[in-house]
Each structure stands twice: as structure tokens, then as C-alpha cells.
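Hi everyone, thanks for coming.

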Amino acid sequence: MASGVWVLIEHKGGQLAAISKELLGKGKELADALGQPLGALVLGDSTGGLVEQAFAAGAAKAYVVEDAALANYTTDGYVAAAKAAIEAHQPEVLLTGSSLQMRDLTGALAAELGTGLAPDVTGIKVEGGSVQAMRPSHGANVINTLSFGEARPMIASVRRQVGQPIQGAGSGEVVKVAMPQVTIRTKVRKVEERTGAVNLADAMVIVSGGRGLGSPDNYTKLIPELARVMGGTHGASRAIVDAGWIAYERQVGQTGKTVAPKLYVACGISGAIQHLAGMRSSNTIVAINKDADAPIFKVATYGIVGDVNEILPALTAEVQTKTGK
Amino acid sequence: MHAVVCVKQVPEQNSVKITPDKKVDASGINPIINLFDEYAIEEALQWAEKSNGQVTVISLGSDDATDSLKKALAMGANEAVLISDAALADVGAQGAAKVVAAAIKKLGNVDIVFCGKQSTDDETGQFGPALARFLGWPQLTYVFKVHELTASSIVVDRALEDTLETVESSLPVVVTAVKDLNEPRYPSLLKIRKVSKQPIPTWGLSDVGLSVGDLGGTIKISDRVPPPPRPSGEMISGDVQTQVKALVQKLVESQVL
């Protein structure tokens with residue numbers, strides 16, 4: 001019978017990714033509720049040091065597939081490695097992050113195993129002995145509760161900040177799994193950092209600008225600077241991305257990025273449904289807009305009615321004074 | 001080259017309602033082609049034009065999804081197939097992928113499948129990868145640029161959060177498109193009129209050799225609710241200096257800053 005809650009470990013430069021530590025925290029909750037052990041699934045070409053980090057973050061077992069074929073992520077290589085470990089040790093649950101690479105993997109892995117996938121979930125829990133996952137759809141207008149069929153493992157790709165990391169847990173047992181024979185049909189020729197790449201999904205503070213700024217110059221002058229002093233990054237509404245003020249990378253909303261930072265500051269953004277879809281689950285929302293009836297104020301924690309071009313320089317200065325940045 | 005494009009018809013706005021029996025009700029909202037699928041159609045058309053190839057569009061949906069298929073035909077696709085069956089009313093992404101894979105096998109001689117990276121309604125992003133697995137083909141997801149496409153191979157850039165990956169793959173292959181992969185064309189009125197009478201075959205589950213028992217049922221949606229309302233906000237009034245001082249004070253006090 002299937003047993004164990006596993007977390008697929010994401011790592012870079014020998015360090016566990018923040019999402020994996022969060023998921024080990026969430027995985028421990030699920031494992032305790034199910035009365036099963038917490039495992040870490042570690043895939044890579046050089047996994048030294050990762051298992052100790054996984055144990056420190058709560059794992060009792062680490063299932064390791066180490067092979068040169070896993071140096072770069074490929075769907076074929078990672079599906080084969082994960083499948084080999086899963087078939088040998090039969091976990092009940094597998095959690096992964098919801099980065100694009102993990103979305104690529106889990107969609108394929110679930111189909112390969114004929115098992116259920118709850119994609120991009122914002123919550124997962126054990127309710128009456130069964131695992132349930134929550135995920136938004138339809139631009140966050142619908143919150144779905146998902147339950148799984150009989151097939152195991154139940155797979156969920158989980159967003160950031162759903163789990164809390166555990167500090168300083170103990171040691172554990174390492175279980176090696178051999179890499180199976182597999183033909184990898186794709187070849188990664190090159191991986192480069194994206195110029196001007198911005199990981200909005202991981203930002204704790206996002207300051208976004210919209211058409212109310214009046215011009216691209218005002219955006220460039222005011223928005224990145226406020227984001228900087230607040231310790232965050234800058235985003236944008238679809239209107240100004242479409243108008244060519246700023247790259248699509250920065251777009252928050254249904255056809256851009258979905259974000260849920262600790263603080264979201266919407267400057268000169270009226271709050272079209274498609275924008276709200278991408279940011280309404282932010283913890284604290286500040287809205288600054290000259291139109292008191294703008295829909296953005298309906299989701300705002302704090303609202304200021306006024307001209308963003310007057311308010312933002314004053315706000316930047318005040319944040320600097322108060323926080324010393 | 002024979003390219004298949006998978007097209008989903010979705011509500012233009014996501015202001016959907018939830019029925020008492022927990023289904024999504026999109027009635028009264030204009031149905032459109034899923035945004036990301038438009039880029040998939042355009043990419044298939046461009047490569048087919050270069051190689052004198054052929055493009056077939058497939059949609060799994062209700063009968064009115066022929067509207068989206070007709071638009072794809074008007075954009076330049078050669079053939080369209082609608083997969084529609086009462087048994088597919090609540091099918092999930094994985095089940096849909098299994099059915100469409102069977103339809104693509106039935107078409108035969110397909111070299112490449114393009115689809116959007118995800119739909120704007122269900123947003124699972126699961127269809128493309130599942131489809132590739134059920135076809136037994138490799139997959140290239142989140143494709144931002146197709147550098148070259150020959151009879152036996154493809155080279156693309158995948159746009160990930162922080163990195164750009166250049167990847168090559170053998171064919172046949174499944175490619176999923178991100179926004180701005182290209183600039184989707186507008187169909188001309190002449191074309192729209194021309195395709196309006198083109199017959200679109202409808203295939204049911206049995207036409208692709210499957211039955212309800214094959215659909216899996218690996219995931220069940222047991223509840224749907226609207227998002228919890230946000231606690232009502234606080235408007236900060238006064239002159240600019242008063243407003244920004246009060247705001248920063250509140251953000252610092254609540255440990256947001």
C-alpha cells in the first residue's frame with residue numbers, strides 16, 4: 001500500500017530552493033495527519049549536501065536518483081527518474097513547487113502514471129482522512145476544492161507561501177534509486193539568464209503602475225524607485241504593456257502573472273477584472289487613483305484618491321525617511 | 001508537414017457564476033478562442049506556409065465550439081474537427097488530453113501539435129504535457145520562439161521565470177505557446193464568409209475508440225465557491241503629505257514595511 005508524503009526537491013548551486021523548504025513544512029503537516037513519514041525526492045547530477053538540507057528541513061527519508069543525465073532539466077529524464085523512485089517506493093502524496101519547470105514535469109508525470117494532479121494549488125490539507133487541494137481558476141473568480149481518485153501518488157504543484165519551513169530538524173535515511181534506461185528526446189542547447197528577467201511570483205513587495213501615470217516617462221521615473229525603497233520589484237497593468245510602455249514580463253493579471261505578495265501597491269490602475277484576477281490574493285493592497293469610483297478600491301486595504309504623479313514622489317520620500325532605504 | 005492545433009473555446013471574461021450544484025456558469029459571456037491558443041494557431045500557420053504543409057484544428061467542447069474552429073479556419077487552417085460528447089461534459093485536463101490524443105492518432109501522419117500553454121478559464125497548464133505523454137511524444141512547453149522546424153527536428157526557446165532555455169527536439173512533438181510568440185493574424189471578411197459553409201466533422205468518444213471508463217476520473221472537483229470577499233478597506237484622506245505619512249505609518253505598524 002502506498003505510504004509517505006514526498007516533496008520533490010528543487011535546488012540550484014547545491015542549495016535547496018525556498019519553495020522546497022516551504023513544501024517540506026507543508027508535507028510534514030500532511031504526513032503527520034496521515035500518520036506517514038515525510039520523504040524528500042532528490043533528483044540531479046550532483047546531489048551532495050542536499051539530503052542533509054532536506055533532513056534539516058523535516059524529511060525523515062531522502063530518495064535520491066543521481067545521474068549525469070539529470071544535469072539539465074528535461075521532461076523525459078525527470079519523468080523517468082521520478083517514476084522509477086515512485087514505483088519502487090510507492091508514496092501516497094507527491095508535492096512539487098509550481099514553477100513552470102515543475103508544471104511541465106507534473107503534467108507529464110501524472111499522465112505517465114495515470115494518477116491525479118492538482119495543479120498550482122493555494123492550499124492542501126487532510127480532511128476526514130482524505131487529501132484535499134484548493135486552487136483558483138477563472139482569474140481567481142472561482143475557488144475549486146479538488147479531491148483525488150484511487151490512483152497513487154496524489155500529485156500537487158503548490159504555490160509559494162502555502163507552507164512554512166521547519167528549522168533544524170534531525171537526520172534521516174538515504175535511499176538510493178538507480179536511474180532507469182531512458183531515451184531523452186530533447187536536448188538543452190543553452191540556458192541563459194533572461195535579460196531584465198523578473199520573478200514577480202517570488203517578490204514580497206510589488207509596485208505596479210497603470211495608465212493613470214500618463215506617460216512611460218512617469219512610470220520609469222516613479223514606479224521602480226518606489227519599488228526599490230519598499231524592497232520589492234515593479235509590475236504593470238495590461239493597458240501599459242499593450243501600449244508598449246514596459247515589457248510583458250512585468251504584466252500582472254489574467255494574461256500576465258498571478259501574484260500574491262505581502263504588499264501590492266497599485267498606482268494609477270483602475271482595476272479591470274483581468275488585473276484584479278492577478279493580484280487580489282495579495283496580503284495588503286494599497287491603491288492610489290484619481291477616480292474615487294475605480295474598482296481597484298474595492299479590493300484595497302488602504303486607498304488614496306489623488307494624482308499618482310504628485311503622491312508617488314512624496315510616498316517614496318516618506319518610505320525612505322521611515323525605513324532608512 | 002501536418003500540424004494539429006488544439007483550440008479551447010473559453011469565456012471572454014472570467015466573471016462567471018457558480019450554480020447551486022457547483023458548476024461554472026458562463027452563460028451570457030461571449031465565447032472566444034483561448035488567448036494562448038491564438039498564438040499556437042498563428043505559429044502553425046506560419047510554419048505550414050513555409051513548407052507547403054497542412055494545419056488541422058481540433059477542439060473538444062460543446063457544439064458551439066464550432067465558432068472558434070471557424071475562426072481558426074478563417075485564419076487559414078485547412079481542416080477542423082470538433083470532439084463533442086455528452087460524456088465529456090465534466091472531463092478534466094488529463095481526460096481531455098487522452099481523448100484528443102486518440103483523435104490525433106486517428107488523423108494519422110501528424111508531425112507536430114501546437115497548443116496554448118494553458119487556458120484562461122481552468123488555468124491548469126496540464127493539457128499539453130498530458131497530451132504529449134498519451135501520444136508518446138516529447139514536449140516543449142512555454143515556447144517563446146521557434147527558431148527552426150524541419151521534417152525531423154525543431155529548435156525553440158522556452159521562456160521560464162528567470163531563464164531562457166534553447167532546446168531541440170525530434171519530431172513528432174507537442175509545443176505549447178506563450179503570449180507574444182508571434183502576432184496572430186485577423187481573418188478577412190472574405191475568408192470568414194468562405195469558411196462559413198465548410199463542414200466540420202463532429203467526433204464522439206466512440207469515434208476515437210474510447211469509452212467513459214477510459215477517462216480516468218483521477219481528480220474530482222468537489223466544491224466551487226467564489227473567492228472570499230476582501231475585508232473592507234480604509235480610505236486615507238487629507239493633503240498629499242498627510243496621506244503619505246498616514247499610509248506609511250499604517251504599513252510600518254502592521255509590519256508590512
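When I say two residues are in contact, I mean that their C-beta atoms, placed from the backbone, lie within 7 Å. And keep in mind that this is a predicted model.

With that in hand, take A:Val42. Skipping its neighbours within four places in sequence, A:Val42 is in contact with A:Ile9, A:Thr47, A:Leu50, A:Val51, A:Ala54, A:Ala62, A:Tyr63 and A:Val64. A:Val42 also belongs to the largest nonpolar core, which has 128 residues, and is listed with A:Leu41, A:Ala54, B:Val5, B:Val100 and B:Leu131 as touching the most other members. There's a second, separate core too, with 53 residues, including A:Leu226 and B:Leu251. In soluble globular proteins, nonpolar side chains tend to be buried together.

Next, helix H9 of chain A, residues 308-323. At 1.5 Å a residue, its 16 residues should span 22 Å, and the end C-alpha atoms are 21 Å apart, so that agrees. Which residues of H9(A) are buried? They're A:Val308, A:Ile311, A:Leu312, A:Leu315, A:Thr316 and A:Val319. These cover an arc of only 135 degrees around the axis, so they sit on the same side of H9(A). They pack against H5, E16, E17 and E18 of chain A, together with H6 of chain B.

Last stop: B:Ala159, in strand E10 of chain B. Buried or exposed? B:Ala159 has 23 C-beta neighbours inside 10 Å, so it counts as buried. Not counting residues up to four places away in sequence, B:Ala159 touches B:Tyr142, B:Phe144, B:Leu164 and B:Val178.

How values were computed
Residues numbered from 1 in each chain as written. Chains lettered and ligands numbered in written order. Predicted model: local features only at pLDDT ≥ 70, side-chain atom pairs only at ≥ 80, totals over all residues. Helix = DSSP H or I, 4+ residues; strand = E, 2+ residues; numbered from the N terminus. Expected span 1.5 Å × (residues − 1). Buried ≥ 20, exposed ≤ 12 C-beta atoms within 10 Å, placed from the backbone. Arc of directions from axis to C-beta. Core = buried A, V, L, I, M, F, W, Y, C linked by C-beta atoms within 7 Å.
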